[in-house]
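Open the model in your viewer and keep the selection panel at hand. The tour moves from one stop to the next.

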Amino acid sequence: MEPRKAPERLPEKPRRGLVLVITGDGKGKTTSCLGMAVRAVGYGMKVLMVQFIKGSLHYGELDGAKRLAPEFELLPMGKGFVGIRGDSLPMEEHVAAAREALALARQRMLSGAYDVIILDEVNVAVRLGLLDVKDVLALIGEKPANVHLILSGRNAHEEVVRVAHLVSEVRSVKHPYDQGIEAEKGIDY
Ligand code: ATP
Ligand code: MG
């Protein structure tokens, strides 16, 4: 059998750093971000994913990310569910965690050390009032021209949608949860 030829590579072009929003009520937002991280790491690009709200439960991507280290860094900086599922933390703690996560993401974005910055569930943090949308818009405004910035989470704020280059809305057509099927390892977490 003929040895398979290496796939063709597209010609290099100067990078145009984009603002991408992945929103909607269907499953596939965080995993879309992880997919782009895998893709970027393939070119040796440096990717940081900061997770808002998430931080108290284990997800497969926490260990999956380690396999893509040092190019991919995943930092869960949330305190878990906000106001539901037995959450007894004072709101101020959720707010402080979200602000700290945004400040860290901003500082890393401006450091010049990253090609892609992902703010996972940041749209939810805004929707729940943990973050002021003005602060998120300010961060978007400061994005260096060569950095890609991805904001995920349902119910993206209209102002964030307005300034983004790409907005994809994942629409739920069916979900196993509606059929009484609980979350599956490797698929949902
Ligand atoms: P994933 O992390 O699988 O890409 P997501 O980021 O799009 O999901 P989130 O809103 O962050 O979705 O919720 C994460 C969890 O909620 C996942 O376990 C996911 O399967 C589940 N989920 C997402 N959409 C729905 C839905 N429409 N009905 C029930 N559960 C859902
Ligand atoms: Mg998600």
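**Stop 1: the ligand.** This is a predicted model. Select D188 and ligand 1. An N or O atom in the D188 side chain sits 2.4 Å from an oxygen atom of the ligand. Overall, the protein covers 79% of the 600 Å² of accessible area that ligand 1 has on its own.

A polar atom of its side chain is 2.6 Å from an oxygen atom of ligand 1. Then show the backbone of G26. There, a backbone N or O atom lies 3.3 Å from a ligand oxygen.

Stop 2: Switch to cartoon. Which order do the six strands take? Read across the open sheet: β3-β2-β4-β5-β1-β6, with parallel pairing. Colour β3 (72-76) and β6 (166-169). Both stand at the edges with a single partner strand each, so one side of each has no neighbour in the sheet. Neighbouring strands are turned by 15 degrees against each other on average, direction ignored.

Zoom in on β2 (residues 47-51) and β3. The two run parallel and are joined by five bridges. Pick V47 to find one bridge partner: F72 in β3.

**Stop 3: helices on the sheet.** Select α1, residues 29-41. This helix packs on the sheet and touches β1 (19-23), β2, β3, β4 (116-120) and β5 (148-152). Its direction makes about 160 degrees with that of β2. Next, select α3, residues 91-111. Helix α3 also packs on the sheet, with contacts to β2, β3 and β4. Its direction makes about 170 degrees with that of β2.

**Stop 4: backbone exceptions.** Most residues other than glycine have a negative phi, and most peptide bonds are trans.

- Go to P70, in the loop between α2 (60-66) and β3. The peptide bond from A69 to P70 is cis, with omega near 5 degrees.
- Move to R85, in the loop between β3 and α3. Its phi is positive, near 45 degrees. R85 counts as exposed because its relative accessibility is 65%, over the 50% cut-off.
- Finish at E121, in the loop between β4 and α4 (122-127). Phi is positive here too, near 70 degrees. Is E121 buried or exposed? E121 is buried: its relative accessible area is 15%, under the 20% cut-off.

Definitions and conventions
Residues numbered from 1 in each chain as written. Chains lettered and ligands numbered in written order. Predicted model: local features only at pLDDT ≥ 70, side-chain atom pairs only at ≥ 80, totals over all residues. Heavy atoms only, no water. Pairing = 2+ DSSP bridges. Helix = DSSP H or I, 4+ residues; strand = E, 2+ residues; numbered from the N terminus. Axes fitted to C-alpha atoms, helices over the stretch in contact; angles between N-to-C directions. Contact = heavy atoms within 4.5 Å. Polar contact = N/O pair within 3.5 Å; in protein donor to acceptor, adjacent residues only side chain to side chain. Areas by Shrake-Rupley, 256 points an atom, 1.4 Å probe, with all protein chains shown as cover. Buried < 20%, exposed > 50% of the residue type's maximum accessible area, 1.4 Å probe, protein only.
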